Amino acid sequence: LLIFMTQKNPIILHVYFFPSDSLFKEKIKTEEKQSHPIKCSRPETPLRMMKQHSLEVPGASVQPEAIKLRGDIEPNFFQVKHPVVNDIKMSLSRVDDQKSVWTATVWKELINMHPNRAETLFQTGQNQNTPQSAVNFDKVQFFDRNWCALIKSVENVNNIADNLLQKQIIHEELYSEITHPTSTSEASMRKICSIVRKGSDTVKEMFISILLEEDPNLLNHLPLPDS
């Protein structure tokens, strides 16, 4: 069981049910990385595979009406749209005999306790990759002013390196050095920033855009050029 909140106003949840040993768990987490995960109790008894199940959420709209639980294909999910921030009660039942196999309540306190990154995503009521303030600002000046701070603060360097290689900003040899298991985040970022500093304005803009995709909260703790 995995639950993610993709939007807060109105609340939109993605509710996944799949076998406990499913290989899709990490893939789902990757696909939902911009969403806010919500912890909830798992079903105590194994769900019956190849059976249609429906999810009932009072006061909410739920799609699709039913899902067949399978372990051989990527799991589908229930999309729940709830109009208000309140406790959300959910009940999963088998369609054939209407037997309830799981019930749970997502407390409103859990919905409101999302971290800073989620706060940035949900403050406008939309799921977006970057804060609204990131739409119009000088990314070149932002890099020139903050590259030293970026070296010390950015941690998810491997994902950034993947994007830089794909956009041909770095070459294979440097990519291997940056993503080497013995390289620290700071050392890898120092190599990246060294390349970007020598690059064109376009390279700097692309680099900052990549950083914002990986960390939408970046602008909350580093000054914009006009600040």
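Val101 touches Pro43, Leu47, His53, Leu92, Ser93 and Arg94, leaving aside residues up to four places away in sequence; contact means heavy atoms within 4.5 Å.

Me: What kind of model is this, and how are residues numbered?
Reply: This is a predicted model: local features need pLDDT of at least 70, side-chain atom pairs count only at pLDDT 80 or more, and totals for chains, interfaces and linings use all residues. Residues are numbered from 1 along each chain as its sequence is written, and side-chain values use heavy atoms, with hydrogens and water left out.

Me: Is Val101 buried or exposed?
Reply: Buried means under 20% relative accessible area, exposed over 50%, partly exposed in between (1.4 Å probe, protein chains only). Val101 has 16% relative accessibility, so it counts as buried. The C-alpha atoms of Val101 and Leu47 are separated by 7.4 Å, though 54 residues apart along the chain.

Me: How many disulfides does the structure hold?
Reply: A disulfide is a covalent bond between the sulfur atoms of two cysteines. Here the test is a pair of cysteine sulfur atoms within 2.5 Å. The structure holds 0 disulfides. Cys148 is in none; its nearest cysteine sulfur, that of Cys193, is 8.8 Å away.

Me: How accessible is each cysteine, Cys148 and Cys193?
Reply: Cys148 is partly exposed at 44% relative accessibility. Cys193 is buried, at 0% relative accessible area.
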